[in-house]
Amino acid sequence: MTQPPHDEPTATSTEELREQVEQTRTALGETVQALAAKTDVKARAQEKAAEVKEQAATKAGELKEQAAVKAGELKAKAADLAHQAQDRLPDPVKDKATQAAGQARARAAQAGQLWQEKAPEPVREKTARGAQLARDNRKLLLVAASGAAVVWLACRRWKG
């Protein structure tokens with residue numbers, strides 16, 4: 001009724017037959033596990049999601065690094081342009097600017113004192129939170145201001 005395959009030798013003893021049966025069971029078990037893994041859609045989807053998440057994290061790290069490099073370049077360029085502009089200013093203008101800055105600081109201090117005396121407490125609290133947020137994000141604000149200065153200077157050069 002059943003004949004052994006032609007490529008496998010027939011067992012000469014019961015022990016050999018048992019070994020062949022055990023090997024066949026093992027191979028069949030491995031095949032069933034492989035097929036079960038292929039049909040487990042949820043597990044495969046989770047594996048793929050983990051892979052995509054890892055790729056996204058890697059790409060985000062690369063982009064963050066590139067943005068930091070670009071921000072550094074823009075900051076250096078803005079500083080260079082600011083120095084160039086400052087070098088071109090005549091001394092009387094620099095003196096007036098220094099004087100005006102001192103007056104502005106004095107008036108700002110006066111305004112701050114007046115603010116402390118007259119502003120309602122909830123408004124002062126919100127203002128203090130906003131100022132703290134600005135201090136916490138100082139680098140971001142400096143980069144944005146530097147970028148705006150570069151754009152402004154570039155527009156002035158382009159028009160003039």
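From the N terminus on, I read the elements as α-α-α-α-α. That makes five helices and zero strands; helices (H or I, at least four residues) and strands (E, at least two) are DSSP runs, numbered from the N terminus. The radius of gyration, taken over C-alpha atoms, is 37 Å, well over the 15 Å that the globule rule gives for 160 residues, so the protein is more spread out than a compact globule. The rule is 2.2 Å times the number of residues to the power 0.38. Along the principal axes, the C-alpha atoms fill a box of roughly 115 × 45 × 25 Å.

I noted the source next. This is a predicted model, where local features need pLDDT of at least 70, side-chain atom pairs count only at pLDDT 80 or more, and totals for chains, interfaces and linings use all residues. Residues are numbered from 1 along each chain as its sequence is written, and side-chain values use heavy atoms, without hydrogens and water.

Mean pLDDT (the predictor's confidence in each residue, from 0 to 100) is 82 for the protein, and 93% of its residues reach 70 or more.

Then I turned to the pair. Helix α2 (residues 41-88) packs on helix α5 (residues 138-159) at about 55 degrees, with the axes 9 Å apart. Contact (heavy atoms within 4.5 Å) involves several residues, including L74 and L81 of α2 and V150 and L153 of α5.

Terms used. Axes are lines fitted to C-alpha atoms, for helices over the stretch in contact, and angles run from 0 to 180 degrees between N-to-C directions.
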